[in-house]
Amino acid sequence: MATKKIKINYLNQEFLLPENALQKDSYDGGNYIYMGAKHCASVIKQYVKKNYPSIKVWATSDVYSGGSSTRINISNHDGSSVSDKIDQDVNAFANSLKAGKFDGMYDIYEYREDKVETKNGTPMKYFPSYIFVENRPKWGSVEYWLNEYNLYKENLNNPDYSRMVEMVSKYGSFLEYNKQFMNKSQYNRCKLILK
């Protein structure tokens, strides 16, 4: 059974969230949008797909005793990094959904004090403590392996890569050497691409 969705308008863009994101505040009885780590991951992923349809995006979330976090990975389809302009824009959007920031000088987490709300005025609450945006493919994805392959090819004569070159030679190819780290689907897709 498909989960019902609600639309929210945030920073003049529409996003879909599960209908359980709309909650009632036990304090004042008003409605608010629950923006936990999972919902933020979804909204950031939607933002990237809408604004940069030609790049790849992965979004994961974690909840733990001291808070929560969202991790976003972005890359081009060949696994290379996206432009600085795109990276900065995605980071700026993602950071607008963070609960606050960690102050290393005083070793405390400072929660934001501004009010965040949808275009129609519904408050957005309970953001993740941390949001990380990495300008590289998610580890283990096909794009990750394509990027590793391209780095390997670029560094064949680099002394720092001599051990890698030696190991790849031993196994016969980059793909065979790294097969042990891939699942069957990733291996087969990489095999087709790296013919």
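## Aromatic rings and a surface patch

Start at W145: at 4% relative accessibility, W145 counts as buried (buried is under 20% relative accessible area, exposed over 50%, partly exposed in between, with a 1.4 Å probe and protein chains only). The model is predicted: local features need pLDDT of at least 70, side-chain atom pairs count only at pLDDT 80 or more, and totals for chains, interfaces and linings use all residues. Residues are numbered from 1 along each chain as its sequence is written, and side-chain values use heavy atoms, leaving out hydrogens and water.

How do the rings of Y144 and W145 meet? The structure holds 15 aromatic pairs. In the pair of Y144 and W145, the centres are 4.9 Å apart and the planes stand at 85°, so the pair is edge-to-face. (Rings of Phe, Tyr and Trp, the last by its six-membered ring, pair if their centres lie within 6.5 Å; planes under 30 degrees apart are stacked, over 60 edge-to-face, the rest tilted.)

Next, select Y10, F15, Y47 and F93. Ring pairs link these residues into a cluster.

Now look for charges over rings (NZ of Lys or CZ of Arg within 6 Å of the ring centre and within 35 degrees of the ring normal). Select R112 and F127: the charged end of R112 sits over the F127 ring, 5.4 Å from its centre. Then pick K179, which lies over the face of Y187 at 4.7 Å from the ring centre.

Finish at I108, in strand β8 (residues 108-111); strands are DSSP runs of E, at least two residues, numbered from the N terminus. I108 counts as partly exposed, at 39% relative accessibility.

How values were computed:
Helices (H or I, at least four residues) and strands (E, at least two) are DSSP runs, numbered from the N terminus.
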